[in-house]
Amino acid sequence: MLKQKSLPNRRLFYYGNIVTKEVERISYKNGLVYNSAMRVLWILLVIICLGIQPASAAQKLSLGEAINLALEKNHDLAQSRKDIEIASNNIKIANRLQNPKIETMFLLGRISQGNPHQVGLSVPVEVMKRGPRKAKALSEQRLALSNTDLEAFNLKMSVRDAYVRLAAAKSVLKIVEDQQKVMQGMVELTQKRCEEGKAEQVELMQAKIMYKQLEMLYNQALNQVDVQTFYFNKVLNVEENSAYDIADEELPQDGEFLKLMTPSPDLPLIDFEKIKQLAFKNRFDIIISQNEIDVAKDNLKVVMSQRIPDINLRGGYAYLTAYQNNEEVDGHGAVSGAYVGGEMDLPLLYKYTPEIQNARLELEKKELNKISIKNSVVQELKKAYGQFELARKNLNYYREELLETSAKTLKSTEENYAKGKTDLSNLILMEQAHMGIMMNYIDALSCYYTEWIELLTEINVEELL
């Protein structure tokens with residue numbers, strides 16, 4: 001993180017003396033001006049003090065803390081959780097009762113004679129429609145829950161992956177920094193040998209060139225740490241100006257694999273058939289595909305229920321005024337009474353056949369989709385399983401063979417060069433080879449972590465020990 005540059009203390013002291021002397025001179029002339037100048041001085045000192053404060057460091061998070069923070073505050077996951085709330089409201093919508101209507105009829109003019117005024121209610125009654133509609137809404141809620149669970153799981157895996165990538169970048173930076181110290185020592189040793197007349201100046205030039213080349217590698221490694229830090233904060237996606245870092249300064253190794261929820265590469269992996277059974281049981285896409293089938297089945301029931309006629313019940317109050325009662329009804333006075341009635345939809349001309357056919361086709365599509373997903377799962381598991389096995393073998397090869405052999409050879413070459421038994425070019429070549437092996441080791445270590453995350457992602461479990 002960029003920090004604000006602060007002025008040296010002596011410079012601040014010098015500037016303070018200048019301002020103080022100027023204030024004293026002004027105060028000698030006018031006391032009121034003195035007070036104003038003192039206020040200006042204090043404001044200036046406060047601004048300088050605030051300016052030289054170091055920028056706040058990024059908050060360091062362990063892997064567990066990073067996952068919990070993302071689950072709590074990630075904006076993308078928060079959007080998916082809104083879908084669950086929407087699905088819950090849709091259940092209430094599906095279970096609704098139809099609102100009644102007020103009906104009135106007032107006749108005017110001669111047409112009103114002999115015909116009553118009416119005031120009443122009309123109540124639509126759905127026949128065998130609320131049940132299928134509510135069942136579909138419940139299935140859609142389960143689908144929304146499964147989609148949110150899948151997104152939460154993918155977020156956990158993405159945070160783990162980003163954490164490993166940032167730790168790997170820091171590991172590379174540490175290797176380059178250690179190599180810089182080694183090369184600096186080699187330059188000093190070569191310079192000493194040149195002063196003693198045991199080496200040519202060209203060797204010193206070669207050593208300095210190699211040391212300068214490491215500066216470029218250092219800048220690249222430092223930039224990669226910044227890039228992976230930005231990516232880590234992007235995956236967390238919790239605040240607009242978030243500044244989070246990881247607690248680890250390098251990739252855990254040598255017995256610390258559980259620190260990143262990863263088994264030791266020395267342990268045998270679980271049998272593939274058991275992994276396949278776990279995947280079929282836990283894969284969210286399989287669960288989601290079944291939920292989609294349930295939604296399609298319930299939607300077919302909803303569409304088919306449209307063929308069942310609905311009823312519209314009516315009832316109310318009707319009356320004849322004395323003016324309207326021009327017949328022999330109770331002595332030509334005002335009369336009143338109640339009325340009831342109803343109507344029913346008859347699906348005779350249109351039977352919703354195309355809608356029912358489309359609903360059946362959608363159900364068949366969802367069933368085929370589930371079969372396709374299961375077929376793909378097996379192939380994806382085989383790939384992830386094979387990739388992890390390869391990463392584990394490569395890492396063990398570096399740990400058991402290459403690292404120790406390379407370190408011993410480099411140390412022997414350094415001792416021989418110090419004794420004058422070999423020239424600088426051999427030492428430089430050995431330094432380059434050792435650094436390449438260390439870089440490749442970090443790459444193999446990072447690959448081991450990421451391939452483990454990929455295998456867990458394919459199984460849709462958070463641990464497999």
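Q: Is Y352 buried or partly exposed, and what is its relative accessible area?
A: This is a predicted model, and the values that follow are computed from it. Buried means under 20% relative accessible area and exposed means over 50%, with partly exposed in between. Y352 has a relative accessible area of 27%, so Y352 is partly exposed.

Q: Which residue forms an aromatic pair with Y352, and how are the two rings arranged?
A: Two rings are described by the distance between their centres and the angle between their planes; an angle over 60 degrees counts as edge-to-face. Y352 pairs with Y350, with 5.4 Å centre to centre and 70° between the planes, and the pair is edge-to-face. Y350 is also partly exposed, at 42% relative accessible area.

Q: How many aromatic pairs does the structure hold?
A: There are 11 aromatic pairs. One of them is made by F388 and W452, whose ring centres are 5.2 Å apart with planes at 50°, so this pair is tilted. F388 belongs to helix 9 and W452 to helix 10, so the pair ties together parts 64 residues apart in sequence. Both F388 and W452 are buried.

Q: Which residues are linked into a cluster by ring pairs?
A: The cluster consists of F257, F388, Y448, Y449 and W452.

Q: Which residues form the nonpolar patch on the surface?
A: The patch is made up of I102, L121, V123, V125, I311, L313, M344, L346, L348, L349 and Y350. Together they have about 1,100 Å² of accessible area.

Q: Which strands each supply at least two residues of the nonpolar patch?
A: They are strand 3 (117-125) and strand 5 (311-320). Strand 3 gives the most, with three residues.

Q: Where do nonpolar side chains tend to be in soluble globular proteins?
A: In such proteins they tend to be buried together. In this model, the largest nonpolar core has 78 residues. The members that touch the most others are V159, F232, L236, L251 and I459.

Q: Which elements give two or more residues to this core?
A: The helices are helix 3 (63-73), helix 5 (130-195), helix 6, helix 7 (272-282), helix 8 (284-304), helix 9 and helix 10 (424-459), and strand 4 (244-246) is also on the list. The largest share comes from helix 5, with 19 residues. There is also a second, separate core of seven residues, including I293, L300, V303 and A359.

Q: What is I459 in contact with, leaving aside its neighbours within four places in sequence?
A: Contact means heavy atoms within 4.5 Å. With those neighbours left aside, I459 is in contact with I275, L278, A279, N282, R283, L381 and L464.

Q: Is T229 buried or exposed?
A: T229 has 17% relative accessibility, so T229 counts as buried. T229 is placed in helix 6 (residues 201-236). Apart from neighbours within four places in sequence, T229 is in contact with L166 and Y244.

Q: How far apart are the closest N and O atoms of E215 and K212?
A: In this salt bridge the closest N and O atoms are 3.8 Å apart. E215 and K212 are three residues apart in helix 6, so about one helical turn lies between them. E215 counts as partly exposed, at 35% relative accessibility, whereas K212 counts as exposed, at 53%.

Q: Which residue meets R283 in a salt bridge?
A: The partner is E458, at 2.9 Å from N to O. This pair links distant parts of the chain, 175 residues apart: R283 is in the loop between helix 7 and helix 8, and E458 is in helix 10. Both residues are buried.

Conventions
Residues numbered from 1 in each chain as written. Predicted model: local features only at pLDDT ≥ 70, side-chain atom pairs only at ≥ 80, totals over all residues. Heavy atoms only, no water. Patch = residues over 30% accessible without salt bridge, like charges linked within 9 Å, V, L, I, M, F, W, Y side chains within 5 Å. Areas by Shrake-Rupley, 256 points an atom, 1.4 Å probe, with all protein chains shown as cover. Salt bridge = Lys/Arg side-chain N within 4 Å of Asp/Glu carboxyl O. Helix = DSSP H or I, 4+ residues; strand = E, 2+ residues; numbered from the N terminus. Buried < 20%, exposed > 50% of the residue type's maximum accessible area, 1.4 Å probe, protein only. Core = buried A, V, L, I, M, F, W, Y, C linked by side-chain atoms within 4.5 Å. Phe/Tyr/Trp six-rings, centres within 6.5 Å; stacked < 30°, edge-to-face > 60°.
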